[in-house]
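Let's take a walk through this protein together, one stop at a time. Keep the sequence and the 3D view open as you read.

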Amino acid sequence: VALFPRAVGGRQLALCRTDGETIGLTTLDPANRWQRPSPLHAPTAGWELTQVGNCGSPLETPAGWLVLTHGVGAMRRYALGALLLDLDQPERVIGSLAGPLLAPDGMERDGYVPNVVYSCGGLIHDGTLWLPYGVSDARVGFATVDLDALVEALQGRSGSSRSS
């Protein structure tokens with residue numbers, strides 16, 4: 001479960017993966033019980049075909065809620081992706097990347113659990129997404145992504161995004 005950093009429309013929200021495969025959105029009821037989640041994003045692309053999940057809490061941007069995701073594809077290869085949710089109605093996905101944001105490459109393929117990049121969330125500072133990530137359960141890497149370029153890619157105005 002990953003909590004939204006603030007109430008949205010008076011609702012306390014969280015991302016979850018109760019079925020083991022799909023990112024869902026759940027709401028806290030007045031009795032402090034999480035409700036049955038609504039599916040947000042199911043595995044569709046090859047790089048995430050086995051399962052998808054969120055990487056930390058959503059990040060608020062002027063364009064929407066940025067949700068960092070991980071996907072598990074063939075041979076248990078983990079890659080990172082992103083979704084953009086509507087600010088006022090986060091049950092509405094308004095953008096997604098055509099491919100992974102970050103995938104294991106070169107030295108990132110070797111380690112205790114090979115072929116994996118994974119993150120527990122990022123932060124936005126001065127127009128840049130800072131993204132710490134684990135490398136094959138052996139090392140830590142750090143990527144930065146221009147937030148405007150990422151939002152453009154999420155909204156389909158650009159081909160794909162690759163971190164630096």
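Start with a pair of charged side chains: D86 and R92 meet in a salt bridge, with 3.1 Å from N to O. The term salt bridge here stands for a side-chain nitrogen of Lys or Arg within 4 Å of a carboxyl oxygen of Asp or Glu. D86 counts as buried, at 15% relative accessibility, while R92 is partly exposed, with a relative accessible area of 42%.

Before going on, a word on what you're looking at. This is a predicted model, in which local features need pLDDT of at least 70 and side-chain atom pairs count only at pLDDT 80 or more, while totals for chains, interfaces and linings use all residues. Residues are numbered from 1 along each chain as its sequence is written, and side-chain values use heavy atoms, with hydrogens and water left out.

Back to the charges. How many salt bridges does the count come to? The count comes to four. Another of them joins R11 and E91, again at 3.1 Å from N to O. R33 is exposed, with a relative accessible area of 52%, whereas D29 counts as buried at 15%.

Now zoom out to the whole fold. Helices (H or I, at least four residues) and strands (E, at least two) are DSSP runs, numbered from the N terminus. Reading along the sequence, you get β-β-β-β-β-β-β-β-β-β-β-β-β-α. The radius of gyration is 15 Å, close to the 15 Å that the globule rule gives for 164 residues, so the protein is as compact as a globular protein of that length. That radius is taken over C-alpha atoms, and the globule rule is 2.2 Å times the number of residues to the power 0.38. Along its principal axes, the C-alpha trace spans about 50 × 35 × 25 Å. Of the 164 residues, 46% count as buried.

Next, look inside. L59 is found in strand β6 (residues 59-61) and is buried, at 15% relative accessible area. Leaving aside neighbours within four places in sequence, L59 is in contact with residues including W65, L66, I124 and L129; contact means heavy atoms within 4.5 Å. L66 lies in strand β7 (residues 64-72) and is buried, with a relative accessible area of 2%. Not counting residues up to four places away in sequence, L66 touches L59, L84, L129, L147 and L154, among others. By contrast, L59 and V72 are 13 residues apart in sequence and 22 Å apart in space, C-alpha to C-alpha.

E48 sits in the loop between β4 and β5 (51-54). E48 is buried yet has no salt bridge, and R17, the nearest side chain of opposite charge, is 10 Å away. Beyond four places in sequence, E48 touches H41, A42, P43, G71, V72 and G73.

Finally, come out to the surface. In the loop between β3 (23-27) and β4 (38-41) you'll find N32, whose phi is near 65 degrees, a positive value in a residue other than glycine. N32 is exposed, at 61% relative accessible area. D126, in the loop between β11 (123-125) and β12 (128-135), also has a positive phi, near 55 degrees. D126 counts as exposed at 72% relative accessibility.

Notes
Buried means under 20% relative accessible area, exposed over 50%, partly exposed in between (1.4 Å probe, protein chains only). Lys and Arg count as positive and Asp and Glu as negative; His and the chain ends are not counted.
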